[in-house]
Amino acid sequence: METKIWHITKENEIQTYLEAAKLLQAGETVAFPTETVYGIGADATNEQAVAKIYEAKGRPSDNPLIVHIADQSQIHEFVKEIPSNAKKLMREFWPGPLTIILPLQPGRLATNVTAGLDSVGVRMPEHPIALGLLAVAGIPVAAPSANRSGKPSPTSGEHVEEDLSGRIAGIVFGGKTGVGLESTVIDCTLETPAILRPGGVSQEKIEAVIGPVISEAKEVAQQEAPRSPGMKYTHYAPKAPVAIIEGDTAFFQKQIDLAEKRGEIVGVLVSDELEEQLRKSDYMMGLGSKAYPGEIAYRLYDRLRHFDHTPVTLIYAEPFAKIGIGEAVMNRLDKAAGGHYIKQSEES
Ligand code: TXA
Ligand code: MG
């Protein structure tokens, strides 16, 4: 399949939306930027169109997709009711990086969007291109992150091209995404809402609006059947195995040295602060200052992906404080590492 590429400019913006929307309406897949990561979209009411998303991504079909809308009035087409907590969250955080799980009105969306569940994840993105395209298309658009399943999500059009060129009908290029990590997923079908995936909107911010919530991602990271089906797969992973090094600078340096002695080519993924303290090495990648966790989030996937273009055989990463967006950063890093930690405290 030939993948049509658009680079948005002021002059061609409307024309691009019209062309891309036409493809979506015709049941084709089109990738576009959102404020979190790039998504690969398809008409959420069209079973065959949605099947093309799973196909292009190589994604297991028991993992439901998020439905994207440009206008809140679209929700009533496929949602049974909007609980009061959800209303408050929409008012405060939409458009924005928050996906809200709501009770599904059966029969309106393609069943493969929700993987047969009786709930649906809905999000209104805060990106002018995403909103423009969704508004012109006028249909609910199912859109997971536009990466091959298992890989880090794409934060630039180039990342999407790398993964999906030839596998989807079009890509709308729109620069780098702002947040850099996916939306927070919160289940509002429950008495007490539960965060299923930490993301762009922190638990602290959510609780300031609706009071205490459950953080399922924190509690059941390793559980057998997590309620957000996507949480059980190895995700966000570069080709080389990743380990998170928990310890002081000397311990981190020692792990690098030991691995190099074994013949490994070590990629190092650290804050600017730690980068300054470690001995310089060929594949050391700075994520930014620990003082700005938002910048670390912004760069994480790009850096993880970059390692695939180097000869590294192993990647050692620094853990970050799980505060604010740091919670989401560590959730993704933990998954990239497959839960593999090397801890100083466990050394005898
Ligand atoms: O930021 C984002 O959310 C991006 C951009 C493109 O909007 N999209 C994204 O979609 O990350 P995806 O499909 O990669 O992740 C959706 C997550 C998965 O973990 C999935 O299991 C969960 O949301 N999810 C979707 N619908 C659900 C439902 N009805 N119940 C529980 N979890 C659901
Ligand atoms: Mg994804």
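1. Domain division. The chain of the predicted model is divided into domain 1, covering residues 4–215, and domain 2, covering residues 242–343. Taken over C-alpha atoms, the centres of domain 1 and domain 2 are separated by 29 Å. Domain 1 brings 24 residues to the contact, and domain 2 brings 18 residues.

2. Area of the interface. The size of an interface is often expressed as the accessible area lost when the parts come together.

3. Helix 5 (residues 157–164) supplies 3 residues, the largest share of the side of domain 1 that touches domain 2. Sorted by class, that side of domain 1 has 11 polar, 7 charged and 6 nonpolar residues.

4. Arginine 305. This residue lies in helix 10, which spans residues 293–306. Is arginine 305 buried or exposed? Arginine 305 counts as buried because its relative accessibility is 1%, under the 20% cut-off. A salt bridge joins arginine 305 to aspartate 163, with 2.9 Å between the closest N and O atoms. The side chain of arginine 305 also makes a polar contact, at 3.0 Å, with the side chain of glutamate 162. With neighbours within four places in sequence set aside, the residues in contact with arginine 305 are Asn147, Lys151, Pro152, Ser153, Pro154, His159, Glu162 and Asp163.

5. Helix 11. How many residues of helix 11 (residues 326–336) are buried? The helix is mostly covered, with 11 of its 11 residues buried. The buried residues include the charged side chains Glu327, Arg332, Asp334 and Lys335. Also buried in helix 11 are Val329, Met330 and Leu333, among others. Glycine 338 follows helix 11 and has a positive phi, near 60 degrees.

6. The peptide bond leading from tryptophan 94 to proline 95 is cis, and its omega is near -10 degrees. Proline 95 is placed in the loop between helix 3 (84–93) and strand 5 (98–103). Alanine 115 has a positive phi, near 50 degrees, although the residue is not glycine. Alanine 115 sits in the loop between strand 5 and strand 6 (119–123). Its relative accessibility is 27%, so alanine 115 counts as partly exposed.

7. Glutamate 346. Where is glutamate 346 found? Glutamate 346 belongs to the segment after strand 16 (341–343). Glutamate 346 counts as exposed because its relative accessibility is 61%, over the 50% cut-off. From C-alpha to C-alpha, glutamate 346 is 10.0 Å from glycine 247, whereas 99 residues separate the two in sequence.

Methods
Residues are numbered from 1 along each chain as its sequence is written. Chains are lettered from A and ligands numbered from 1 in the order in which they are written. This is a predicted model: local features need pLDDT of at least 70, side-chain atom pairs count only at pLDDT 80 or more; totals for chains, interfaces and linings use all residues. Side-chain values use heavy atoms; hydrogens and water are left out. Domain bounds come from an automatic or database domain assignment. Contact means heavy atoms within 4.5 Å. A salt bridge is a side-chain nitrogen of Lys or Arg within 4 Å of a carboxyl oxygen of Asp or Glu. Helices (H or I, at least four residues) and strands (E, at least two) are DSSP runs, numbered from the N terminus. Buried means under 20% relative accessible area, exposed over 50%, partly exposed in between (1.4 Å probe, protein chains only). A polar contact is a pair of N or O atoms within 3.5 Å; within protein, one must be able to donate a hydrogen and the other to accept it, and residues adjacent in sequence count only if both atoms are side-chain atoms.
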